[in-house]
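Colleague: I am new to this structure and would like to understand the grounds for each term that you apply to it. Could we go through them one at a time?

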Amino acid sequence: MSENGQNAVLTVNNIEVIYDHVILVLKGVSLEVPKEGIVAILGANGAGKTTTLKAISNLLRAERGEVTKGSIEFKGQRVDRLNPNDLVRRGCIQVMEGRHCFEHLTVEENLLTGAFTRTDGRGAIAADLELVYTYFPRLKERRSSLAGYISGGEQQMTAVGRALMSRPDMILLDEPSMGLAPQLVEEIFENVKRLNEDEKVSFLLAEQNTNIALKFAHYGYILENGRVVMDGVASTLRENEDVKEFYLGVAGDNRKSFKNVKHYKRRKRWLS
Amino acid sequence: MGGLLYNVFIDPFMQMGSAPDLLLQVLWEGFVSGTLYALIALGFVLIFKASGVFNFAQGIMVVFGALSLVGLIALGVPAILAIVMCIGIMAALAYSVEKLVLRPLVNQEPIILFMATIGLNFFLIGLGELVFGGEPKVMPTEQLGLPTGSWDFDVLGGLVIIQQLDVAAAAVACTLVAGLAIFFNKTRIGRALRAVADDHQAALSVGISLNQIWRIVWFSAGIVALATGIMWGARSDVSFALSIVALKALPVLILGGFTSIPGAIVGGLIIGFGEKIAEFYWGPLVGGSIESWFPYFLALIFLLFRPQGLFGEKIIDRV
């Protein structure tokens with residue numbers, strides 16, 4: 001455990017992930033999520049964001065991936081050899097990229113599947129269902145529609161609500177902005193913030209939309225080629241010239257002419 | 001030529017019209033077989049929905065269940081206890097299939113899992129013959145409390161004979177079908193089953209244990225197989241030939257759709273009615289026993305026009 005490990009709800013120590021016994025995807029990723037924190041993993045396609053989340057939630061094994069080195073601790077206990085359902089019971093649940101709602105189930109049934117691992121009785125589950133509906137009032141209107149027929153934004157809300165129904169301490173949120181209109185993305189992130197503040201849920205989110213992620217997260221890690229190349233407090237990262245250039249798409253000074261776009265003024269300084 | 005057309009297209013209907021009591025009798029026979037086909041098809045649907053595996057061994061599970069029951073009663077075990085023990089055997093079977101066959105093959109291609117169930121099929125045939133012997137057996141209906149008499153009804157100017165055993169078979173089938181439908185739609189486990197059928201990955205992510213779900217579906221399919229085996233065994237004999245009858249669930253599934261419970265029920269009834277009516281009215285034209293292939297013929301026609309089946313899962317397409 002690191003120095004401030006007491007404070008961390010999730011600690012990932014130098015993990016390496018191999019798919020199909022041959023493809024090395026993560027080459028030593030370490031990160032930490034403090035209690036009640038929102039931490040973002042940023043990076044381009046194929047950087048290893050989803051793999052990192054799946055390594056934590058143990059969904060990796062269903063895709064023939066394996067954590068071959070390093071360790072993962074959730075609330076101070078090793079969790080890298082558990083089944084996904086054990087981890088959900090302990091309070092860590094993943095919302096997968098692309099929503100993955102159960103299309104032939106109604107919205108309400110979708111939400112209730114999230115409570116599958118719970119044993120605290122119908123009353124508590126019903127109360128949490130109402131709680132989810134107060135966060136996402138639109139889902140209440142759509143409660144009896146098949147999840148396959150609702151809009152993308154509503155599906156994302158259903159997926160987050162479904163995760164919430166397991167009473168998690170931590171949600172691993174994969175690419176919540178995918179395929180949604182900017183306004184909806186903003187709404188989803190507002191809800192993340194509210195859940196974090198009111199329900200004390202910690203979030204680890206993977207996001208390509210660096211701009212919005214750094215606006216709502218407290219801390220960020222930038223992943224490239226299966227490695228963490230930079231990390232820092234969100235506000236610092238936002239001001240970092242490299243991050244601005246490569247991830248936020250704003251040049252430091254005057255407007256960029258796309259004629260010269262090949263000639264980077266900066267070079268990724270972590271590439272030696 | 002004209003005579004042939006008359007024989008095929010007009011005469012059978014004239015017969016139906018002139019002897020409605022016979023038609024009623026035929027329809028009743030069709031209904032009873034139909035409910036039993038529906039029951040067998042349900043066993044397939046359950047497993048297919050939850051694990052995407054087409055369980056070739058479902059037919060032999062029917063035989064195995066019936067044989068175990070006959071065997072136990074022959075040993076002098078009281079009927080009630082024997083049924084409970086058979087349920088136990090089905091649970092053990094479900095548990096071992098999950099543990100020894102499905103779990104090691106997780107993430108493999110569907111065809112590999114299908115091959116595994118063919119292997120399971122032959123393993124169960126071998127085991128059944130080893131333990132119970134290969135000769136046909138008689139289901140001890142009295143010990144099981146199944147009625148054997150018949151009711152005669154004077155209707156429509158004729159006599160319709162209804163076997164009480166058939167009534168019992170239809171009743172058992174309907175009860176099980178209704179029970180399963182409620183289980184699927186109203187319970188927490190049923191919801192989880194449908195969730196798994198929809199999206200394995202997402203089901204895993206919300207903490208549903210696939211292994212547990214597989215055990216439950218194989219167990220339910222086992223119970224269904226046992227019930228079918230008892231009822232069908234009581235109507236004929238308990239022999240390995242029953243598994244061929246069970247394969248008639250295949251055309252039922254093609255008609256109803258592989259993933260639909262209502263489809264299995266309606267498909268079963270269509271096949272049941274269809275084959276009995278075809279046998280009785282059109283069979284004589286070709287020398288009889290078209291019952292054995294008519295369902296497959298019907299399925300073939302369906303494949304041409306509606307490959308997803310009557311109630312095939314709605315394909316939700318987002319654009």
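Modeller: Let us begin with pairing, for which two strands qualify if DSSP finds at least two bridges between them; the strands (E, at least two residues) and the helices (H or I, at least four) are themselves DSSP runs, numbered from the N terminus. This is a predicted model, in which local features need pLDDT of at least 70 and side-chain atom pairs count only at pLDDT 80 or more, while totals for chains, interfaces and linings use all residues. Residues are numbered from 1 along each chain as its sequence is written, chains are lettered from A and ligands numbered from 1 in the order in which they are written, and side-chain values use heavy atoms, with hydrogens and water left out.

Colleague: Why are S2 and S5 of chain A said to stand at the edges?

Modeller: The open sheet has four strands of chain A in the order S2-S1-S4-S5, with antiparallel pairing. Strand S2 (23-34) and S5 each have a single partner strand, so one side of each is left without a neighbour in the sheet.

Colleague: Turning to chain B, why is B:Glu98 called buried?

Modeller: Buried means under 20% relative accessible area, with exposed being over 50% and partly exposed in between (1.4 Å probe, protein chains only); B:Glu98 has 0%, and is therefore buried. B:Glu98 lies in helix H4 (residues 79-102) of chain B.

Colleague: Is B:Leu146 buried or exposed?

Modeller: B:Leu146 has a relative accessibility of 15% and therefore counts as buried, although this residue lies in the loop between helix H6 (141-144) and strand S1 (150-155) of chain B. Leaving out residues up to four places away in sequence, B:Leu146 touches residues including B:Leu165 and B:Met231; B:Met231 is 85 residues away in sequence, with the two C-alpha atoms 9.1 Å apart.

Colleague: What makes the link between B:Arg194 and A:Glu109 a salt bridge?

Modeller: A salt bridge is a side-chain nitrogen of Lys or Arg within 4 Å of a carboxyl oxygen of Asp or Glu, and the closest N and O atoms of B:Arg194 and A:Glu109 are 2.8 Å apart, so the pair qualifies. The rule finds one salt bridge across the interface of chain B and chain A.

Colleague: How many residues of each chain are in contact there?

Modeller: There are 24 residues of chain B in contact with 32 residues of chain A.

Conventions: Contact means heavy atoms within 4.5 Å.
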